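Please keep the sequence and the structure in view while reading.

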Amino acid sequence: MESATDAAAADSAARTFSQVLFTDIPHSYPPSTPLTCCYTLTEAFQTHPRDWVGIFKVGWSTTKDYHTFVWVEQCQDVVGQLSMTRHAFFKDYYLPKDEIEFYQFCYVDSTGQVRGASTPFCFKNPLEQSMESSSDDDLLVITTQEQVEQSVREKAEMMKELDQIREENETLKKALQKEKQEVDCLKGQNGQKDKEKSELVKELDQMKEQNGNLQRVLQEQLQEMGRLKTHAQEKYDRAVMKINQLKEERAKLRGEIEVQNDMIVKLNSELREGQRQLFKMNDSIQLLQVDLQSSEKENERLSAELQQLHSITHNMDEVKQENQELCGRLAQQETPQQSFPDEDLKEQSETLCSQLQDVQVKLAEEKEHSYNIKKRAELLERELQKTKEQLDNVVTSREQAQQKSSKLEMQLREAHEAIADKDGIIEEKEHMITLFDREKRELTRENQNLRDDIEELRKAYTDRPTAPPDPTTPAGTTATSQQETPELTDNLYETISTIPETEEEFQQLLVCRLCQESFPGITQNELELHEQSHRTCPFCAMVCDNMEQSEYEDHVYSHEE
């Protein structure tokens with residue numbers, strides 16, 4: 001069993017390795033020069049764009065052990081044609097530099113399997129190769145009997161291996177012939193299938209032509225029917241389109257008016273807030289003016305007190321000078337009259353000293369009082385500057401508020417003018433809608449009259465007695481007339497059925513809950529849009545369409561109060 005499995009494995013390996021054959025491979029290539037290798041593909045092998053040829057060192061184990069590789073040439077070969085010789089070009093930069101090792105070319109397909117391998121070769125200079133060959137020729141080889149026997153044994157083994165290789169080649173040739181036979185069978189089957197396919201294509205083309213003719217006939221019939229239908233419905237469709245466009249424009253205008261009303265309410269609220277802030281600013285300005293007047297009065301009083309203090313300090317300086325003069329006189333009078341003191345001078349000196357002490361005490365008090373007054377005056381000046389700055393800020397903010405209020409008033413006027421223009425446009429559109437409603441009613445009446453006429457014609461046609469055939473007319477003409485009458489009746493009923501049945505739509509009357517006005521031929525969504533277009537009070541739900549904007553706002557604000 002093991003020998004059978006080994007033989008099968010060797011057979012499969014030999015089969016894969018023999019699908020690509022390398023030809024004209026020399027024993028050695030010169031190093032550092034570009035080289036080309038030639039290989040031949042068998043008929044059964046099909047190439048792939050991801051196939052490649054690599055240079056492997058002898059003794060490699062996997063396809064990843066390559067030294068360098070190039071992609072195979074691409075050509076428009078088909079399986080089953082004769083084998084072709086191709087070339088693989090290797091640049092000198094990527095070639096091996098080792099001159100001792102042996103290498104071989106291997107063809108590897110896109111799946112990573114080796115499909116062919118060359119004989120070993122090496123990279124040597126031609127001079128070295130010639131020297132080795134000449135040295136081998138000049139040598140005299142001396143062998144022993146044992147070496148001769150061993151060489152004979154090796155020769156016998158090599159012969160056995162050669163026989164096995166020949167057998168494998170024969171098996172491969174047989175397998176190749178079988179594959180060629182299978183390919184021929186497949187070619188025959190493909191030819192039959194191609195014939196069947198061509199026949200089917202012809203039948204399909206015939207069916208397409210028939211379908212095209214039928215579609216043309218059907219389109220012609222449909223065009224005739226469409227002309228008959230469109231002629232009756234053109235006026236009605238135009239009227240409906242105009243009415244729908246007017247309704248859409250009216251809804252858009254209503255939406256724009258509602259948005260502008262919201263903007264007016266917001267602007268009014270902002271204007272009121274601005275007026276309130278303006279009143280507050282006026283009150284604060286008046287308070288600041290009162291504070292400023294009081295601070296100015298206090299400042300005048302303090303300036304008067306300061307002037308009094310300056311005069312008191314001037315008087316105190318004069319008293320000090322007099323006191324110093326009196327002290328000098330007393331000292332002059334005491335030195336010569338120490339032995340003879342006078343009682344009057346003593347009393348005067350004592351009174352002067354007491355007066356001097358009183359004046360010094362008053363002077364200290366006045367100094368403290370003046371110092372406090374100066375501090376207070378500085379504080380009042382700072383407060384006055386702050387109040388002036390606040391007053392300036394208040395004035396600027398008041399001016400800004402006035403500008404803002406003027407802008408809001410301008411926007412309100414523009415909004416009122418726009419609303420007046422929109423109201424005029426809405427009235428014109430409503431007038432147009434009423435005119436279209438009248439036209440629509442007239443069209444429905446005409447349609448009803450036409451339906452009644454058609455019913456009368458149908459009854460008259462069905463009640464008409466069949467006239468006896470005229471003896472003067474031939475039988476063929478009577479038969480043809482009898483054949484033509486059913487077609488006419490069929491066409492008549494078809495034209496009657498094509499008239500749109502719009503009575504039910506016009507008979508449905510929807511009534512507005514607010515204005516109690518009926519609208520024939522509109523949907524529930526259109527009625528809701530009409531109800532939303534009314535101007536109603538959000539508190540009492542009263543309809544305020546006839547009110548002006550100012551009256552409407554006063555009415556709404558009266559509920560808030």
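Serine 32 is placed in the loop between strand 2 and strand 3. Helices and strands are DSSP runs numbered from the N terminus, where a helix (H or I) has at least four residues and a strand (E) at least two. The model is a predicted one, in which local features need pLDDT of at least 70 and side-chain atom pairs count only at pLDDT 80 or more, while totals for chains, interfaces and linings use all residues. Residues are numbered from 1 along each chain as its sequence is written, and side-chain values use heavy atoms, with hydrogens and water left out.

Serine 32 has a phi near 60°, which is a positive value in a residue other than glycine. At 48% relative accessibility, serine 32 is partly exposed; in this scheme buried means under 20% relative accessible area, exposed means over 50%, and partly exposed lies in between (1.4 Å probe, protein chains only). Aspartate 24 also is not a glycine and has a positive phi of about 60°. Aspartate 24 belongs to the loop between strand 1 and strand 2 (28-29), and its relative accessibility of 69% makes it exposed.

## The nonpolar core

In soluble globular proteins, nonpolar side chains tend to be buried together. A nonpolar core is defined here as a set of buried Ala, Val, Leu, Ile, Met, Phe, Trp, Tyr and Cys residues joined through side-chain atoms within 4.5 Å. The largest such core in this model has 21 residues, and those with the most contacts inside it are Phe22, Tyr39, Val53, Phe90, Phe105 and Tyr107.

Which elements give two or more residues to this core? They are strand 1 (20-23), strand 3 (35-41), strand 4 (52-57), strand 6 (85-90) and strand 7 (103-108). Strand 3 contributes the most, with four residues.

## Surface patches

Patches are made of residues with over 30% relative accessible area and no salt bridge; like charges are joined within 9 Å, and nonpolar side chains (Val, Leu, Ile, Met, Phe, Trp, Tyr) within 5 Å. Accessible areas come from the Shrake-Rupley method with a 1.4 Å probe, and for residues only the protein chains shown count as cover. Tyr66, Phe69 and Trp71 make a nonpolar surface patch of about 290 Å². Tryptophan 71 is found in strand 5 (residues 66-71) and is partly exposed, with a relative accessible area of 43%.

A patch of negative charge on the surface gathers Glu414, Glu417, Asp421, Asp423, Glu427 and Glu428. Asp and Glu count as negative and Lys and Arg as positive, while His and the chain ends are not counted. The place of a charge is taken as NZ of Lys, CZ of Arg, CG of Asp or CD of Glu. Glutamate 428 lies in helix 4 (residues 343-463) and is exposed, with a relative accessible area of 55%.

## Salt bridges

Side chains of opposite charge can pair when their charged atoms come close. A salt bridge is counted when a side-chain nitrogen of Lys or Arg is within 4 Å of a carboxyl oxygen of Asp or Glu. The structure holds six salt bridges. One of them joins the side chains of glutamate 43 and lysine 180 (3.8 Å, N to O). Glutamate 43 lies in the loop between strand 3 and strand 4 and lysine 180 in helix 3 (residues 145-334), so the pair ties together parts 137 residues apart in sequence. Glutamate 43 is partly exposed at 26% relative accessibility, and lysine 180 is partly exposed at 39%.

The side chains of glutamate 526 and lysine 247 also meet in a salt bridge (3.0 Å, N to O). Because glutamate 526 lies in helix 7 (residues 524-533) and lysine 247 in helix 3, this pair ties together parts that are 279 residues apart in sequence. Lysine 247 counts as buried at 16% relative accessibility, whereas glutamate 526 is partly exposed at 24%.

## A contact across the chain

Lysine 407 is placed in helix 4 and is exposed, with a relative accessible area of 57%. How many residues apart in sequence are lysine 407 and leucine 271? They are 136 residues apart in sequence and 9.7 Å apart in space, C-alpha to C-alpha.
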